[in-house]
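Thanks for coming, everyone. I would like to take a few minutes on one structure, going from a strand to a helix packing and then to a single side of that packing.

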Amino acid sequence: MWTATWKSLWARRTRLLMSTLAVVLGVAFVAGSFIFTDMLKGSFEGIVRGSVADVEVQPRTDVAVTGSDTDDPLISSDMVAKINAVPGVTRAVGVITATGVYAVGSNGKALASFGPPQLGMAWTTLPAYGGQPGIVLRSGHEPRADDQIVVDPTTLEKSGYRLGDQMRVVTPDKGTIRATLVGTATWGTGGTAGASYIFFTPSRAQALLINRTGADRNAWTGVSVQTDPGADRDSVAQAINGFLPSNFKATNGATIADRVSSQINDSLKYVNTFLLIFAGISLVVAAFLILNTFSILIAQRSGELALYRAIGASRKQLRNSVLVEAAVVGLAGSALGVLAGIGVAQLIKTFMTTAGFDLGVTSIRVPPRAVVISVIVGLTVTLTAALLPAQRATRVPPVQAMTGARSEKLQGLGARTALGLTMAGVGVVGILVGLFGHPGHDAVWAGIGMGLVTIGVAIASPMLGRPVIWAVGRGYRAVFGEVGQLAELNAIRQPRRTAATASALMIGLTLVSLMTVFGASARASISEQVHQSLRGDFLIGSQGFKDFPAAVATDAAKLDGVSSVHAMSTAIFQLVGADGRIQEAQGNGQDRQLMFTVGGMKASDLDQMFPQKITSGRMFRSPGEVIVSQDAASYRSLHTGSTFTGYNSDKQKKITFTVVGLFSSGDGLSGAGIWTSQDTFDRVGLGSQDSFVSVDLAPGADREAVRAGLDRATADMPLVSVMDIDEYAAEQMAQVNQILVFIYALLGLSVVIAILGIVNTLGLSIIERTREIGLLRAIALKRRDIRRMITLESVLIALLGAVVGLILGVCFGAVLQRLLVDDGITVLSVPWLQLLIFLVAAAVVGVLAAVWPARRATRVNVLTAIATE
Amino acid sequence: MTAPAARAAGLTKTYGRDDTLVVALDAVDVAFDQGCFTAVMGPSGSGKSTLMHCMAALDRPTSGQAFIGETDVATLSDNGLTELRRDRIGFIFQSFNLVPTLTARENILLPLAIAGRRPDPAWFDSVIDTVGLADRLSHKPSELSGGQQQRVACARALVAQPEIIFADEPTGNLDSTSSAEVLAFLRSCVEQMAQTIVMVSHDPVAASYADRALFLADGRIVDDLSDPTRDHVLDTMARLDQRGPGVSSHPTGRTPLPGPRPATGRPAGDPGQGSGISGVSVLSN
């Protein structure tokens, strides 16, 4: 029996090719997600392993210092010497790490993006934890003089410079400096995970990167300690803690590495889940294809299956034989899929790199987990999809072996339609509950509702699709006459088959048009909000809302034609509990409640940058007073008169805020939910840089001249740009587009699988209709007509999927927009032209999908076709 | 006298209901003796195929009983029927029904493979010798002639040593030379191996190889000839044809028959149940 199964499988290998390919693509996506995540993880872990020493002395993030010192927490060189004297310490060195230090390429562009950090560091030869390599020199030599720097290999590559060249480096406080490139290096053996490194000599790092107002610049942001072999790191750390200043803490490197790793793993889980959602969609579409293929093959083989039944194969044997075929397809597809997954991971990596998230040099490994999960998933999907056809195989009556009659019986659609419509109905209720019932987790209700509607419509589509087929059929008859009618009749001959094929495309197009409508709505909303909310003729901001020197605002104010300049600074705080304890941030979702951003401005700037209207209480006057937006007030249960304490870990300072007023921004942006005076920040050394500046023109000023002046003032800061409101809105919208393109790319695979599905169904149908095609050729049709007939059928299937998908997608897009009204998606925008393009594209897909099946059909030999069977 | 290899008691099979009721078998009582080669004759729509389908556990009767040996087919579950077909019945089909992907040897051994049994080498060799296919065993069906394919099918039916073989128009798709080969082979099986064979046929020549010819019309057995000759059969069939309504449809709907055809001259335009039966039986499953 197995021989027979195997041989029959082998004989139909070409017919199973598309199913296998669908599994390959779906599984490749799953495997690719895991491989990519693993690649990220490897990259991060390499850095963590390479950059953490046996014992690390770092500023505490749970202790507040008092006093008027506005410096960043620093540790003195005396203290480093003291640590060196601790028993068990081999060597301790002061380290410096600063963010916002980036190189400028030979083309004058900043080598910085808004994702991973750009780090400036002091060169050190101290080994990492357990004697592992710390900073690893990749080429050239270490910085030996103060005008020499070493960068990571990716930065060098992107800069367009070579070793020995002079490079400009932007520092957060000391402006732009020039230095000679003398080498490349990375931390440990890992990649860079998108971060960039610039290494200075320790003395240069102290001079450039430490913002110390006092005379003694000989200080560090931390200390790395190498311990003697056999020394207990915890006890060494404890000994060091005995004399450290209270705002620093020595920790076993392993503890730090574990904490960082677990944070990385947590965030990578999100990345993985995000990718896997799209992989799942592809697999669902692939399942449709597999189900269809097996159904068709079983219908075609009913005679053979009846023979098996007649000569004594039990139902179970037949079912198992079909399932074994599915398992072979699933296994082969999964195995190839894992291999293809490596390519997918590379593709995602390339995509991320283009989008600005550079992973650096990272080797690809295939984690065993990826293989196991991918194979299980591939196998499960294939077997599940084949279950129904396998069940159908067992229902072939043995007597059919004798009568030889093909069971091309009419398929009842009543129960199916009822089931589909019921599911869709339940789905609609779910959506309505999510939209209007506000049961909590509205999005989940609506999301499940949309899922049910999609599946319900897919089930009921043999019936629901009829109006579409009817309409397209009318058009076909009118334009193509008899051939058009034949195409339509062929498409409705097996309504389930046609519908299942179209459903695969429908799912893809539902999601694509959903994202399109949502993206258009997001863009329209952003544009509207920006135009409504932002005041000022020019806006100065930086990529990723990063801080830039306050000098920009000062310079801008001096320009001719500028009437006023308004600046906003920001600082992030974590909420301190009533008992005064500082809870450490976890780097996960819980932080949303814990962390809050405070905007700083001059009291006179109220309502100048953003619409801000005091609705109760008054504007802040003295340090520590804040005004809170109504939204933030209700989220954090604040009212006029409440006080709360925030802790800023950069400066290790606690501030107690008193709410003196609430404000409203109408429907517009408020910049931040909580605002305080610039004075409040200045007292603790915060807010020394701006994050946003708006410039008002004097009446009659020369707009272009002012703009040129502003461009000059920001010329040294490549990340900072000057925009008017239209440009600002366009830039914000461009970010939406970037995300949209990424999601389109991820959805693209499911559309590709759906196209394979059309090719497959048509191809198999043509094998089935060989005789009929021969007959048509014999009596009337030219080759061209046959080709046209098949192409039209293919286009009909594609249009059926596209039309239903677009309708669903637009509805779902509207639902999503309604759901997110409170999150700022206030405008519903349906990009009809784009949707029309999708429809046309679907028709083109139909034409392309028909190429191979049509060629096959036109090659049918008239005589043999009629003679067969 | 030993018990019959198979028998039917009041076997009735109807299709449809009320207005569209078709009685394919009408309370048929018949016994097929062991070691006997029986030909079931009758025009299309006479119920001969239905009789065989019900006897061979391929289809369930509406009422009455069909026995294979002492087993009442109607009492068996689907699994029981499957095992019955697998272990005790052999089939030969008009359209050979070989699995195109398997070689002749694999096709022959298929029933044993399905049953998970090992072939008895001596028996296998003797079957192969008898059908004369020793040098064709590694060929695929598409590389064999029609007669050779049908001989492979015969070997497949024999190899499991079934109690009874049902052959459905085994010569229907063959030319006269191949037909003669196959029929001679079936005859020799009966004589040398004491195999019980029930064969449905249109062909009076085929019937002449049998020990006994049963004639069906309108779902009833209307005649029963021992040691039929071709002329006997022709006479009987001609008589049946003249009996008039209820029997209908062109007997050559499938393939041209070799040799003399039964006389035609039945009323044309009768309700076409001949081709309908097989169609209906598929739909009803």
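Let me begin with pairing: two strands are said to pair if DSSP finds at least two bridges between them, where strands (E, at least two residues) and helices (H or I, at least four) are DSSP runs numbered from the N terminus. What you see is a predicted model, in which local features need pLDDT of at least 70 and side-chain atom pairs count only at pLDDT 80 or more, while totals for chains, interfaces and linings use all residues. Residues are numbered from 1 along each chain as its sequence is written, and chains are lettered from A and ligands numbered from 1 in the order in which they are written.

With that in hand, strand E1 of chain A, residues 55-59, is joined by three bridges to strand E13 of chain A, residues 222-227, and the two run antiparallel; within that pairing, Val55(A) has Val225(A) of E13(A) as its bridge partner. E1(A) also pairs with strand E14 of chain A, residues 248-252, again in the antiparallel sense and over five bridges, and there Gln58(A) stands opposite Lys249(A).

E1(A) is mostly covered, since four of its five residues are buried. By buried I mean that 20 or more other C-beta atoms lie within 10 Å of the residue's own, with 12 or fewer called exposed and anything in between partly exposed, the C-beta atoms being placed from the backbone.

Now to the helices. Helix H7 of chain A, residues 253-300, packs against helix H10 of chain A, residues 368-394, at an angle of about 35° and with the axes 8 Å apart; the axes are lines fitted to C-alpha atoms over the stretch in contact, and angles run from 0 to 180 degrees between N-to-C directions.

Leu283(A) counts as buried because it has 27 C-beta neighbours inside 10 Å. Leaving aside neighbours within four places in sequence, Leu283(A) is in contact with Gly26(A), Val377(A) and Val381(A), contact meaning that the C-beta atoms, placed from the backbone, lie within 7 Å. Finally, Leu283(A) and Val30(A) are 253 residues apart in sequence, yet 8.8 Å apart in space, C-alpha to C-alpha.

Conventions: Two residues are in contact if their C-beta atoms, placed from the backbone, lie within 7 Å.
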